Amino acid sequence: MAVQPTRTQPAGAWVSPASSQAREPAIAAGLPVPAEDRGAVAVFQAQDFAARRRRFPVRLLSFVVVVLVPVALATVYYFLIAADQYVAEFRFALRTVEPVRAEIGGILQGSVAPSPIGVDSYAVVQYLGSRDVIDDLGKTLDLREMFSRPEADWLARLELPVSIEELVRYWKSQVDAFYDITNGTIVVRARAFRPDDALQLAQAILASAEQLVNDLSARARRDTLRNSEKEVRRTERRLKTALTRLREFRDREGIIDPRKTADATQALAGRIRDEIVRADTELATVKHYMRADAPSVRMLEARIQSLQTQLRSVESEVTDTEKSRSEVLSRVMGSYERLESERTFAEKAYQHALEALDRARMNADRQQVYIAGFVQPSLPEEPLYPRRFRDVGIALFLCCAVWLIGAFAIQTVREHL
């Protein structure tokens with residue numbers, strides 16, 4: 001006799017005996033079951049159908065709320081409300097008068113240090129996205145009025161009044177500047193709600209960028225020239241100090257050039273030696289035919305003795321350890337040579353500083369870094385923004401992705417409950 005299912009829960013969950021519970025997988029899979037269990041099959045099929053009917057409106061409602069409504073709103077906005085925006089694009093590069101020399105050691109070692117031109121290019125890009133460019137352009141353009149034209153829609157328009165911080169954030173969404181490191185060019189795109197506004201804005205940005213580059217180059221030239229002039233003044237003071245010390249030394253010692261004095265003293269000592277040699281020769285000759293007490297012999301001996309005394313006196317002026325330091329010519333000459341070396345070195349340093357100053361002045365007459373513009377801003381003829389089909393497609397993709405992720409998460413939670 002078949003066992004009747006027992007209703008134990010008010011929610012309609014029928015509980016059957018073990019034999020019927022064992023057949024639930026077969027019933028759920030649609031496999032054939034015995035005739036006595038056809039009532040249980042009908043009950044489970046009805047329950048499954050009711051659960052699916054309850055889940056279907058929830059999924060449909062969630063799909064409508066998460067996907068269809070946002071995509072419909074995006075479609076209405078982009079195709080019916082969004083205002084056209086025109087883009088004026090220009091490209092330029094920074095160039096230098098002097099050729100850039102690549103360091104061979106840095107290339108072999110794989111150095112990635114940026115070049116001065118690259119650093120200046122990054123500085124220009126950062127300037128174009130900062131408040132400074134807005135302040136500079138504000139002197140000639142009314143940016144607040146330009147970005148709040150009547151042609152703009154309520155979402156893209158700059159709502160007035162606005163603070164400078166809000167204007168900077170809005171500026172970054174309307175002006176796009178980036179540095180292409182592959183070819184060393186700077187690309188700038190300016191968007192506005194009128195074609196002439198876009199062209200005027202692009203031209204003003206280019207003029208501000210060129211002014212910035214000129215200021216940076218002029219500042220570098222001024223710094224180089226200032227450093228060169230400072231070095232010239234320093235070496236000039238050093239040379240004056242060396243000349244002053246040398247003059248004081250000459251006044252104190254009473255000698256203009258100790259080296260020349262020493263040479264003259266040595267020459268005088270040499271002449272005295274020659275006189276002594278001649279007198280000795282003459283004395284030896286006279287002694288052959290005169291007596292030792294003859295007047296001529298005595299006179300020659302006295303002369304030789306006088307010359308020898310004079311020779312010792314002259315030689316002692318150059319080197320003599322018995323004399324004081326100020327009287328010895330060798331010691332005086334040592335002090336003089338030290339001062340003279342300082343004077344010579346100071347003169348050479350001063351000469352090199354003057355040459356560097358001349359080179360700095362020559363370089364200052366030329367502009368080191370300049371803007372080479374090869375794509376000038378032009379008047380746009382058709383709007384490039386908003387890209388309606390692309391933006392609606394992106395909205396559809398994102399909404400579908402969110403809905404699928406949410407549905408998968410909910411299904412996973414249900415299976416684990």
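Author: Start with Leu-379, which lies in the loop between E6 and H13. Keep in mind that this is a predicted model.

Is Leu-379 buried, exposed or partly exposed? Its relative accessible area is 48%. Buried means under 20% and exposed means over 50%, with partly exposed in between. Leu-379 is therefore partly exposed.

Now look at its partners. Set aside the neighbours within four places in sequence. Leu-379 is then in contact with Pro-195, Asp-196 and Leu-199. Along the chain, Glu-89 and Leu-379 are 290 residues apart. Their C-alpha atoms are separated by 9.3 Å.

Next, take the strands. E3 pairs with strand E6, residues 369-375, in the antiparallel sense. That pairing has 6 bridges. For a landmark, find Ala-93, which stands opposite Ala-372 in E6.

The charged end of Arg-191 sits over the ring of Tyr-385. The distance to the ring centre is 4.4 Å.

Now go to the other end of the loop. Helix H13 covers residues 388-415, and Phe-389 lies in it. Rings matter here. Across the whole structure, a search finds 8 aromatic pairs. One of them joins Tyr-77 and Tyr-78. Their ring centres are 5.1 Å apart, and their planes meet at 70°. Planes over 60 degrees apart count as edge-to-face, so that is the label for this pair. Tyr-77 is buried, because its relative accessible area is 14%. Tyr-78 has 21%, so it is partly exposed.

Phe-389 has a ring partner too, namely Phe-79. Their centres are 5.1 Å apart and their planes are at 75°, so this pair is edge-to-face. What does the pair tie together? Phe-79 lies in helix H3, residues 38-81, and Phe-389 in H13, so the contact ties together parts that are 310 residues apart in sequence. The relative accessible area of Phe-79 is 34%, so Phe-79 is partly exposed. Phe-389 is exposed, at 69%. Ring pairs also link Tyr-77 and Tyr-78 with Trp-154 into a cluster.

Step back to the whole chain. It has 13 helices and 6 strands. Of its 417 residues, 30% are buried. Take the contacts between residues at least 6 apart in sequence: 75% of them join residues at least 24 apart. The chain exposes about 27,500 Å², and carbon and sulfur atoms supply 57% of that.

Finally, check the confidence. The chain averages a pLDDT of 78, and 74% of the residues score at least 70. Confidence is highest in E5, at 94. It is lowest in strand E2, residues 14-15, at a mean of 38. Over residues 1-30, pLDDT stays under 50. The model has 24 contacts beyond four places in sequence for that stretch. Residues 321-326 also stay under 50, with 10 such contacts.

How values were computed: Residues numbered from 1 in each chain as written. Predicted model: local features only at pLDDT ≥ 70, side-chain atom pairs only at ≥ 80, totals over all residues. Heavy atoms only, no water. Pairing = 2+ DSSP bridges. Helix = DSSP H or I, 4+ residues; strand = E, 2+ residues; numbered from the N terminus. pLDDT = per-residue confidence, 0-100. Contact = heavy atoms within 4.5 Å. Phe/Tyr/Trp six-rings, centres within 6.5 Å; stacked < 30°, edge-to-face > 60°. Buried < 20%, exposed > 50% of the residue type's maximum accessible area, 1.4 Å probe, protein only. Lys NZ or Arg CZ within 6 Å of the ring centre and 35° of its normal. Areas by Shrake-Rupley, 256 points an atom, 1.4 Å probe, with all protein chains shown as cover.
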